Amino acid sequence: MKVVIQRVSSASVTIDNKIVADIQKGLLVLVGIEEADTQEDIDWLVGKITQIRIFGDENEVMNLSIQDIDGDIIVVSQFTLQASTKKGNRPSYIKAAKPEIAIPIYENFVKSLEFKMHKKVQTGVFGADMKVLLLNDGPVTIQMDSKNRN
């Protein structure tokens, strides 16, 4: 499972000209799922996402987590994170899980985040054509791969 985490001052997701998710200070989390992903991958990423210290403290030092600031999260499914660009110029998405596998993993990821955050996590709609608007704060953008835990 791969994620891109962006610290945002605000973010929203719009589908068919209707806003389906909207937050102020928090995180926009893009998630790409592969067939080999398990609950262990979810648990590791949820722990990292909720504990990573990327928000400024009283001295503007990145020393606080999303939980420390009581921020909000939007999770957006993005299969293109699983793209392979090794050969040619057309990305291959062979590693991306098919919807029948990816949707339950995605839903479990969101539920696990909600449980850890003790609050609702907003989402896009799996497989929809979404317009994602964000004001990246910093900018702070971090990528994580549960298969490569460096």
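In this predicted model, Leu113 touches Val46, Ile49, Thr50, Ile73, Val75 and Val121, residues up to four places away in sequence not being counted. Leu113 belongs to helix H2. Its relative accessible area is 0%, and Leu113 is therefore buried. Glu60 stands 53 residues from Leu113 in sequence, and the two C-alpha atoms are 26 Å apart in space.

Two packed helices are described by the angle between their axes and the distance between the axes. For helix H1 (residues 39–51) and helix H2 (residues 99–117), the angle is about 40° and the axes are 10 Å apart. Angles under 35 degrees count as roughly parallel and those from 65 to 115 as roughly perpendicular; H1 and H2 are therefore oblique to each other. Their crossing is right-handed. Sorted by type, the residues of the contact of H1 with H2 comprise eight nonpolar, five polar and one charged.

Leu45 has a relative accessibility of 0% and so counts as buried. Beyond four places in sequence, Leu45 touches Met1, Val3, Phe109, Met144 and Ser146. Leu45 and Asp145 are 100 residues apart along the chain, and their C-alpha atoms are separated by 8.2 Å.

Two further residues of helix H2 were examined. Lys111 is located in H2 and has a relative accessible area of 57%, so it is exposed. The C-alpha atoms of Lys111 and Val13 are separated by 19 Å, the two residues being 98 apart along the chain. Glu114 is likewise placed in helix H2. With a relative accessible area of 18%, Glu114 is buried, because buried means under 20%. Glu114 touches Lys119, Lys120 and Val121, again leaving out residues up to four places away in sequence.

Glu34 is situated in the loop between strand E3 (26–32) and H1. Its relative accessibility is 10%, and Glu34 therefore counts as buried. Residues up to four places away in sequence aside, Glu34 touches Met1, Gln82, Lys95, Ala97, Ile105 and Lys147.

Aromatic pairs were considered next. Rings of Phe, Tyr and Trp pair if their centres lie within 6.5 Å, and by this rule the count comes to two aromatic pairs. One of them joins Phe79 and Tyr93, with 5.0 Å from centre to centre and 75° between the planes. The pair is therefore edge-to-face, since planes over 60 degrees apart are classed in this way. Phe79 and Tyr93 each lie in the loop between strand E6 (72–77) and H2, so the pair ties together parts that are 14 residues apart in sequence. Phe79 is partly exposed, with a relative accessible area of 47%. Tyr93, at 33% relative accessibility, also counts as partly exposed.

Several backbone features were noted. The peptide bond from Gly138 to Pro139 is cis, with omega near -5°. Pro139 lies in strand E8 (residues 131–145). Asp16 is not a glycine, yet its phi is positive, at about 50°. Asp16 is located in the loop between strand E1 (2–15) and strand E2 (18–23), and its relative accessible area of 71% makes Asp16 exposed. Glu60 is another residue other than glycine with a positive phi, near 60°. Glu60 occurs in the loop between strand E4 (55–56) and strand E5 (62–64).

Definitions and conventions
Residues numbered from 1 in each chain as written. Predicted model: local features only at pLDDT ≥ 70, side-chain atom pairs only at ≥ 80, totals over all residues. Heavy atoms only, no water. Axes fitted to C-alpha atoms, helices over the stretch in contact; angles between N-to-C directions. Helix = DSSP H or I, 4+ residues; strand = E, 2+ residues; numbered from the N terminus. Parallel < 35°, antiparallel > 145°, perpendicular 65-115°, else oblique. Left-handed = near helix turned anticlockwise from the far one by under 90°. Nonpolar A, V, L, I, M, F, W, Y, C, P; charged D, E, K, R; others polar. Phe/Tyr/Trp six-rings, centres within 6.5 Å; stacked < 30°, edge-to-face > 60°. Buried < 20%, exposed > 50% of the residue type's maximum accessible area, 1.4 Å probe, protein only. Contact = heavy atoms within 4.5 Å.
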